[in-house]
Amino acid sequence: MRRSVGVAAASAAVLVVAGCGGGGPQSGGDQKLTGDKIVLGVLNDQSGAYSELSGRNSVKAVEMAIADFKAKYGDKAVTKNISVETADHQNKPDVANSKAQEMYDRKGVDAILDVPTSSAALKVADVAKEKKKLYFNIGAATTDLTGKSCNKYTFHYAYDTYMLAHGTGTVTTEQVGKNWYILYPNYAFGQDMEKSFSAAITAAGGQVVGKDGAPFPNTSGDYSSFLLKAPTLNPKPQVLGTMQAGAELVNVVKQYNEFKLRDKGVGLAVGLMFITDIHSLTPAALAGTTYTDAWYWNFDQQNREWADKFQKETGTRPSFAHAANYSAAMQYLEAVQAAGTDDADTVIKGLEGKEVNDLFLRNGKIRAEDHRVIHDAYLAQVKPQAEVSEPWDYVKILKTIPAAEAFRAPSADCKM
Amino acid sequence: MSGFLQNTFNGLVGGAFYALLALGLAVIFGMLRVVNFAHGAFYMLGAFGAYVLLAEAGVPFWAALVIMPLALGLLGMVLERAVIHRLTRLDPLYNFLLTFGLTLILQDLVKSRYGVQSSPYATPAELSGTVDFGLFDFPTYRVFILGFTVLLCVAVWWVLGRTRVGMVVRAATERPELTRAFGIDVGRWVTPVFGFGIALAGLAGVLAAPMRAVNPLMGADLIIVVFAVVVIGGLGSIFGSVAAGFGIGLIQAWGEAYLSDFPIVSQTVVFVVMAAVLLWRPAGLFGREEAPA
């Protein structure tokens, strides 16, 4: 008897909630969803340097989110007609710009996801602002997305240069050595990383004894003159901080090992590294290297279960970008479900200030001031080969960096 | 002082790769009048082949060093017979386009199978240490590359200078019409020479696998500099290509070491040298002006 009262009360509550959710927007307009469907757009690199760490497998991750969303809400879902559009932006800002316009205008996309490469990411932010449609950036690092280029329709979801520099720069300075030599690729991303790292190192009581901008792209593939210089600097650096990414990072690390800098007392810290980079270098080449990770597949049971599902779909383990794409798609769908409409301004109202805990976002919060999505980050260290117990199990998490510390305070440059 | 010697040594190692690749391009251009744009792709295939042999069949570095150049040389000969040969009578642009297309196909084939992420390849254990030269120490593997390349260049020079085959190749390179007029069948040597050039590119690729990122685009990045090297040395000049290869390696290493405060200079020095050489000696440092037809 008691139980049936409980059930009845719960059903009534559900009815009330559903009533409110459905009623609000209907009174304002004649239709809940444009075209009675939701379309998500994944715009990223599907053939170049970043296609492995995100690329087509991020499309799969978004499809997984849609399936989970449908399974969760069943008949109560705001719509069952949810699809994914995808395009390759080839890391070119102009291509990203035209593909984003096409997605919003002609393909009926409600929200664009991913968009690695900072220059391309900033272009898409402009398009989102102009079209007044949502955009969740996952793949790009530039803090300008939540700084001088921020806007109401853009959310920066996974990581940024501040998060990377603050985590790796601070902890490595405290625990490994105070004197740094920084090697960075000489273009926007590298220069931004160098500045962020120098600031974090100095703040932690360390000093940058030398820094060099290597050619980008480095056609010779050779970094030996920089690596030879590092141990001869005075005072001698204890840490080599490399800001190179992808294949260039592979070149630096291979040559760092060749010149045996670790034996000469110069440790290695990496600015931006994905699990796919460790896989291509092998953990043996990187053992002991510290870096900041936004998410790790083998961190806890929840991550692992999802990583197992992901592996069934794709044949490989997920990078943090894959998990973040899943999470962003899910949070967007939840927001539409709660609002009962895909009207961008209404959905944004629901997202702003929301506190979230999900697969990717731990102690997450969608900041209203600058649309930076903050969450716990992790200081990771590559395991020695002997401790690697299964494929892709490459790192141990040394420290969880709390969400409030991991990201910078809202920037004064951001005017929504 | 020891720093300068180390950087010089490094420049020579970097130059060794340019020399191997430029040498192949030079003999191919000399014999066939074909600018082989696919050279970088064969370099990539050499490195990838070494990786696949090791990862999937457990074939060690030393065996790959023999197998890959032979296999790629053979593949090059087949390609020469099957397609390149058919276009040599036409405007050189046709073969330029053909080999460019070939590059894209080879890159994408590798990409579709192995992805764009770099593949792991460790330095062979017996070469993973350092050699102490008194004034400075240096990775053993780099010493090996330099020694091996110098030996190879000397061997090629000996073959070209002292054997009958070499005489024919040199004659055909410098005066093809006249060589034919002497009743020498130049055509017979075209295919093996093309295969040999490709084999050198494959060899450079295998050598690069332990110290460079092994991915489908590794050749595309390098080949631009190699073309500059060939132009500086003189198109078709065998000695010029080797000398320019080592020379450019040295200039790059010194530039990066001592001009690192002026990245614009150290990044463009190769092309500045190329422009200067073209203005001063349009046929390259060691090239010979083509006699007007």
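Analyst: The largest nonpolar core holds 214 residues, and those that touch the most other members are I112(A), V124(A), A324(A), A22(B) and A47(B). Such a core is a set of buried Ala, Val, Leu, Ile, Met, Phe, Trp, Tyr and Cys residues joined through C-beta atoms within 7 Å, where buried means that 20 or more other C-beta atoms lie within 10 Å of a residue's own, exposed that 12 or fewer do, and partly exposed anything in between, with C-beta atoms placed from the backbone. Helix α1 of chain B (residues 2–32) gives the largest share of this core, 18 residues; helices (H or I, at least four residues) and strands (E, at least two) are DSSP runs numbered from the N terminus. Domain 1 (34–159 + 299–375) and domain 2 (162–293 + 378–406) of chain A each contribute at least three residues to this core, the bounds coming from an automatic or database domain assignment.

This is a predicted model, in which local features need pLDDT of at least 70 and side-chain atom pairs count only at pLDDT 80 or more, while totals for chains, interfaces and linings use all residues. Residues are numbered from 1 along each chain as its sequence is written, and chains are lettered from A and ligands numbered from 1 in the order in which they are written.

Apart from neighbours within four places in sequence, I112(A) is in contact with G41(A), L43(A), A100(A), M103(A), V124(A), A128(A) and Y135(A), contact meaning that the C-beta atoms of two residues, placed from the backbone, lie within 7 Å.

An open sheet of chain A has five strands in the order β2-β1-β3-β4-β5, with parallel pairing, two strands being paired if DSSP finds at least two bridges between them. Its edge strands, each pairing on one side only, are β2 (82–88) and β5 (154–156) of chain A, and neighbouring strands are turned by 20° against each other on average, direction ignored. Strand β4(A), residues 134–137, pairs with β5(A) in the parallel sense over three bridges, and F136(A) stands opposite F155(A) in β5(A). Helix α12(A), residues 320–339, packs on the sheet by touching β1 (38–44), β3 (111–114) and β4 of chain A, and its direction makes about 160° with that of β3(A); axes are lines fitted to C-alpha atoms, for helices over the stretch in contact, and angles run from 0 to 180 degrees between N-to-C directions.

The centres of domain 1 and domain 2 of chain A, taken over C-alpha atoms, are separated by 28 Å, and 18 residues of domain 1 of chain A are in contact with 19 residues of domain 2 of chain A. On the domain 1 side, α4 (118–131) and β12 (364–366) of chain A each supply at least two residues.

Strand β10(A), residues 290–293, has T290(A) and T292(A) pointing one way and Y291(A) and D293(A) the other, and all are buried. Four bridges join β10(A) to the antiparallel strand β14(A), residues 377–382, in which A380(A) stands opposite Y291(A).

Between the chains, 30 residues of chain A are in contact with 30 residues of chain B, and α8(A) supplies the largest share of the chain A side, six residues.
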